[in-house]
Each structure stands twice: as C-alpha cells, then as structure tokens.
Amino acid sequence: MVNRLPRRAVFGAAVGAVALLAAAHALYYFPRAIDDMYIFLRYAENLVRGEGLVYNPGERVEGFSSPLWVALLAAGMGAGAEGVAWSKVLALGSFGALLAGLYRFGRERLEVSRPVALAGCCFAALNSYLVSWSLWGLETPAYLALMVWTAVLFGRVAGAPSRGGAIALAAVGGAFSLSRPEAPLFLAAIGAAAVVEPLRPREMLDRLRRLAPPTAGIAAVFAAYLAFRRLYYGLWLPNTYHAKHGSGFAWSHLEPLWAQGASWPESALLWGGAALAIALAAVRRTAVPLAVAAASVWFTGSVTLDWMPNIRHLLPIYLFLPLGWLWVADRAARVRRPGAI
C-alpha cells in the first residue's frame, strides 16, 4: 500500500495536468464560433417554441447536419439556457467525454499502460484541429466522442458480452448514428473491425452473434429517424447529401493531409500512424484505427470540395492514427520495464 499510494498520487496529478492543458487550450477557442452554429440554434429555437423542426416556420427543410445536436441544444434551451452559452457547455462536456473515451480505448483496445493511455489524451488536448472544431459550436465534439465510445463498446460486447454492455452500445451507437450524415459509414467500419479482429471464422461468428442484438437496436434508432425524415421532410436522404454527394473519388480532396500548411512532423505522425494501424490490424490487436482511417479517406475523397476546409472531415484520422504510436511507446516501455502495467 505504501508503494501504491505515491503512484496513484502521481497519476492523479498527471490527470489533473492533462485536464488543465485541455482547459487552457479550449479557453483560446471558447469565445469563437462559426456561422453554422446559428443554423442549429435557429432550428432548436423553433422546436422549443412549438414551430417544429424548421428554420422558417411553415417551411419544412432539413437544413442541419445533426439531428442529435439540434435535440441537445433544444433540451437546454427548453430548460431556460441561452443558446450560444449552452452550445459551449455541450462542447466542453463532449470534448471531456472524447478524452475519456480515448483513455478507455487505449486501455481496453490497445491494452497500453495508464500513463501511455493518458499520453493519448494529452496529444488530443494539444491538437488544435480537434480543439478548435470542438469549440466552434457545431456537433463535432459529440460526433467524435460518440465515435470513440462506440468503438470502445463494440470491443467490450464482442469480447465479453453483458446485458448492460449491449444496452449501452445500442444507446451510444444509436446516438452516434444521428450525429452526422456520414456516421452510419463509420458505424459499419467500426462494427466490421470488431467482428474481424480475431481473423478466425469461429470466433468471428461468435462475435457477430454477440453484436447482433445491440446492432439491431442501433439500426432501429436510425430507421426511426429515416421514417421521420420521410414523413416530415419528404426525403429519405439528408439535404446535405444533395449538396455534397460529389461525382467520384478525388485524391485532391485529401490535400490537407500533405498540403495546406501540413508540416513534416505532422505528415510523419500521420503516415507513420497509418503504417502502425496496418500493423495493429495484422497482429490482431485492433482493426479500428485502420477501418476508421479508410472510411474517412473514402468519405472525404468522395464528397464535393467546398469553401469549408476538409480538415473537419479528416478529424477521425487525426484522432485514431496517432494511437499506433501509443502502442509502440507502450511496447518500448515494457521492454525497458518488464511487467509494467
């Protein structure tokens, strides 16, 4: 006990330091906003007023990209919160959930030590792409947090099923499916990764059976909103699809990965992370980083390039690919200190 207390104290201090780092970085972007935030607020305000899920009363047009974010904004505004302030509170809470999810993913899926998993949170807290897009009042932090926690829960249920885990996966995955138009694509990628990780037919079949009930729950949530969209807006696909469906894959849409100010350390981090994601899948540790990166590349390269930098669409890559470096760091630490946990 005498030896363990200092370790706990040091780890607690490290957690506090990461939290302060994240808070300091977030404080810089906290006052800033992007105009799309006010579109969400307009829909939420009309919903609270009883005008319906519309931008202009009487005109049923789905002009938002996240039903979940509108619902969360409306819940706070309905309780009396001011819209912009509430969006910032939601953003901070979502970013905190994102950091917690990264820590759990490191511990459970990568099986790295606590300090190394915490280092992954530190990296995210230092990443201006992640922090800025998380604090501008859009659905981005909730979308990313739900993506990470969906990956964590898919792994839990696939490996050690429980009723509580299945319910949690259905709830979190269902919310994730409504967080962004491309979320179902990432759901499919993460789910497939959870099934194929053993690369042994019998185990893969067992995992598929374990994941079937919560996956059906996720599908039910998504199908319910599809039916609502069809009845309320007259469309099966979101309005954003018609604006950004594109005309085929183009590598130029991925230029933020190697151009537009990308430094050589950033490029080395990502391209090295891509190689390590392949290695993680090959050694059957986890296929999630590789699956998420592939889905992100396909989606970003396929949608129409507009004025908004595609860094936003590439954020899952910046979130998951660096995790391979954590795994390498943990392996190196274990070689130097056998038995480290």
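Helices H7 and H10 cross in a right-handed way, meaning that the near helix is turned clockwise from the far one by less than a right angle. Helices here are DSSP runs of H or I, at least four residues long, numbered from the N terminus. Keep in mind that this is a predicted model, where local features need pLDDT of at least 70, side-chain atom pairs count only at pLDDT 80 or more, and totals for chains, interfaces and linings use all residues. Residues are numbered from 1 along each chain as its sequence is written, and side-chain values use heavy atoms, with hydrogens and water left out.

So who touches whom? On the H7 side, look for Phe154, Val157, Ala158 and Gly159; on the H10 side, find Arg207, Arg210, Leu211, Pro214, Thr215 and Ile218. Contact means heavy atoms within 4.5 Å.

Now zoom in on Arg207, which sits in helix H10 (residues 201-233). Is Arg207 buried or exposed? Its relative accessibility is 14%, so Arg207 counts as buried; the cut-offs are under 20% relative accessible area for buried, over 50% for exposed and partly exposed in between, using a 1.4 Å probe and protein chains only. Setting aside neighbours within four places in sequence, Arg207 is in contact with Ala158, Ala194, Val195, Glu197 and Pro198.

From its first C-alpha to its last, H7 reaches 29 Å, close to the 28 Å expected at 1.5 Å a residue, where the expected span is 1.5 Å times one less than the number of residues.

Conventions: Helix = DSSP H or I, 4+ residues; strand = E, 2+ residues; numbered from the N terminus.
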